[in-house]
Amino acid sequence: MQGPLANSELQQRFRHIQVAILIAYLWDVICIASGVIPFSRVRRGSDIVGHHLPILCVFLPLGLPISFNLASIESALQVLDSSLHGPQAVGPQSFLLRIYAWGFVSSLNEFLMCAQRAEAPQGVVTAPKLWNARQVQLFELSYKLAIFVVFSMLSAIACLQLDYALWKHARMKHPTSSFFTLLACTYLTPIQIGTSAWRLFIITKYPKMAQQTWAKLKKYWFASGLDAEKPASLIQ
């Protein structure tokens with residue numbers, strides 16, 4: 001960002017991100033509840049639900065106080081307030097937006113997986129198709145790997161940067177407070193509980209997902225002959 005956002009503009013952008021995530025994830029859950037698995041290479045709907053529910057039930061609700069300017073609940077709003085801090089609010093504002101932007105930049109991957117599923121609903125391509133073409137699947141798998149390794153790391157780094165911004169603010173506001181009091185001021189806010197849960201989610205879920213994607217990518221990359229024409233979902 002070139003300069004600090006007005007509070008109303010920050011909240012509007014934040015709400016837009018949250019609504020986009022809500023619609024995308026909720027639609028997937030509705031599809032699964034209706035008996036439709038929307039993504040290619042996914043055999044069990046519970047795998048998608050297990051990924052989506054923590055986001056829908058924990059991460060998004062904990063961001064609502066910022067979306068609706070509930071300063072009595074969310075003390076981090078003091079650090080994000082450009083009317084109080086002027087240009088110094090740029091850092092915390094950009095950190096907050098980057099956490100969500102890098103954390104949920106998977107829309108392209110999910111679109112490709114939906115298109116692949118629509119083209120080959122049973123995992124079988126009977127004629128040359130667009131979305132299940134070898135090049136498209138290699139790109140989609142590579143992009144998925146970037147989500148689990150690169151984008152998640154950038155989101156986690158933004159979390160740490162927001163931690164530090166809130167810690168500095170707490171030290172300025174409470175210069176004589178103990179370490180544990182400053183720690184509580186830094187982390188015991190809805191958005192910080194949410195970002196902590198997000199980091200835990202990344203640590204516990206993404207390494208295994210990255211490993212599985214890398215194994216699939218290697219097998220598909222070196223596939224030849226008839227195997228090269230199969231959807232990646234059929235290559236074990």
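Student: What is the mean pLDDT of the protein chain, and what share of its residues reach 70 or more?

Tutor: This is a predicted model, and pLDDT is the predictor's confidence in each residue, from 0 to 100. For the protein chain, 89% of the residues reach a pLDDT of 70 or more, and the mean is 86.

Student: How are H8 and H9 oriented to each other, and what is the handedness of their crossing?

Tutor: Helix H8, residues 134–173, packs with H9 at an angle of about 130°, and their axes are 9 Å apart. Because angles over 145 degrees count as roughly antiparallel and 65 to 115 as roughly perpendicular, this angle falls among the rest, so H8 is oblique to H9. The crossing of the two helices is right-handed.

Student: How do the residues of the contact of H8 with H9 divide into nonpolar, polar and charged?

Tutor: On the H8 side the contact includes Leu 166, Trp 167 and Arg 171, while on the H9 side it includes Phe 179, Leu 182 and Thr 186. Sorted by kind, the residues of this contact are eight nonpolar, one polar and two charged.

Student: Is Ile 48 buried or exposed?

Tutor: Ile 48 has its place in helix H2, and beyond its neighbours within four places in sequence it is in contact with Asp 28, Ile 32, Ile 37, Pro 38, Phe 39 and Val 42. The relative accessibility of Ile 48 is 5%, and since a value under 20% is the cut-off, Ile 48 counts as buried.

Student: Arg 41 and Asn 69 each have a positive phi; what are the values?

Tutor: Arg 41 lies in the loop between helix H1 and helix H2 and is buried, with a relative accessible area of 17%. Asn 69 is in the loop between helix H3 and helix H4, and at 43% relative accessibility it counts as partly exposed. Neither residue is a glycine, and phi is near 65° for Arg 41 and about 55° for Asn 69.

Notes:
Residues are numbered from 1 along each chain as its sequence is written. This is a predicted model: local features need pLDDT of at least 70, side-chain atom pairs count only at pLDDT 80 or more; totals for chains, interfaces and linings use all residues. Side-chain values use heavy atoms; hydrogens and water are left out. Helices (H or I, at least four residues) and strands (E, at least two) are DSSP runs, numbered from the N terminus. Buried means under 20% relative accessible area, exposed over 50%, partly exposed in between (1.4 Å probe, protein chains only). Axes are lines fitted to C-alpha atoms, for helices over the stretch in contact, and angles run from 0 to 180 degrees between N-to-C directions. Angles under 35 degrees count as roughly parallel, over 145 as roughly antiparallel, 65 to 115 as roughly perpendicular and the rest as oblique. A crossing is left-handed if the near helix is turned anticlockwise from the far one by less than a right angle, and right-handed if clockwise. Contact means heavy atoms within 4.5 Å. Ala, Val, Leu, Ile, Met, Phe, Trp, Tyr, Cys and Pro count as nonpolar, Asp, Glu, Lys and Arg as charged, and the others, Gly among them, as polar.
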